[in-house]
Amino acid sequence: MSAHFDALITWFEQLTPSTLEQIGDYYAPAARFKDPFNDLAGIANVRRVYAHMFDSLEAPRFVVENRIEQGAQAFLVWRFEFGLRGRAMCIRGGSHMVLDEQGRIALHRDYWDAAEELYEHLPVLGGVLRLLKRRLAI
């Protein structure tokens, strides 16, 4: 399965609106996708998540920094770089992926801290969250 993960990582790192058309080569028809904002199934729904990403963000791109692989499963450690209203942003996280017998993604679950990686960078909400974080720390 290593070759499938190699190809998958290359596709993610080079993902553009035009390469999104190849999603059927990488995701199974009934694939499940879950992240802090979505929990859905089916390749059409997964495609909509990525299309929305390209519509909403400036120059989004994934950089896979590491992977742990065991059989048909892998955990990818990544950075997601993008612009939002002219401001450069970076989210760090990881993805658990399980491939089907054809080497396509059957399960894709993203793990990242929406509060730390995103909400704390917003003007009003970020200040409140940072204050709360300081108060709750040991």
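Two strands count as a pair here if DSSP finds at least two bridges between them. With that in hand, look at this predicted model and pick out strand β1, residues 27–34, which pairs with β2 in the antiparallel sense over three bridges. One spot to check along the way is R32, whose bridge partner in β2 is A41.

Now step back to the whole sheet. It is an open one built from six strands, running in the order β2-β1-β6-β5-β4-β3, and its pairing is mixed. The edges belong to β2 (39–41) and β3 (58–70); each has a single partner strand, so one side of each is left without a neighbour in the sheet. Ignoring direction, neighbouring strands are turned by 20° against each other on average.

Next come the helices. Helix α1, residues 2–13, packs on the sheet and touches β1, β3, β4 (73–84), β5 (87–99) and β6 (105–111). Its direction makes about 165° with that of β3. Helix α3, residues 43–56, packs on the sheet too, touching β1, β2, β3, β4 and β6, and its direction makes about 60° with that of β1.

So what sits in the largest nonpolar core? That core has 32 residues, and W11, F12, Y27 and Y50 are the ones with the most contacts inside it. At least two residues each come from α1, α2 (23–26), β1, α3, β3, β4 and β5. In soluble globular proteins, nonpolar side chains tend to be buried together.

Conventions. Residues are numbered from 1 along each chain as its sequence is written. This is a predicted model: local features need pLDDT of at least 70, side-chain atom pairs count only at pLDDT 80 or more; totals for chains, interfaces and linings use all residues. Side-chain values use heavy atoms; hydrogens and water are left out. Helices (H or I, at least four residues) and strands (E, at least two) are DSSP runs, numbered from the N terminus. Axes are lines fitted to C-alpha atoms, for helices over the stretch in contact, and angles run from 0 to 180 degrees between N-to-C directions. Contact means heavy atoms within 4.5 Å. A nonpolar core is a set of buried Ala, Val, Leu, Ile, Met, Phe, Trp, Tyr and Cys residues joined through side-chain atoms within 4.5 Å. Buried means under 20% relative accessible area, exposed over 50%, partly exposed in between (1.4 Å probe, protein chains only).
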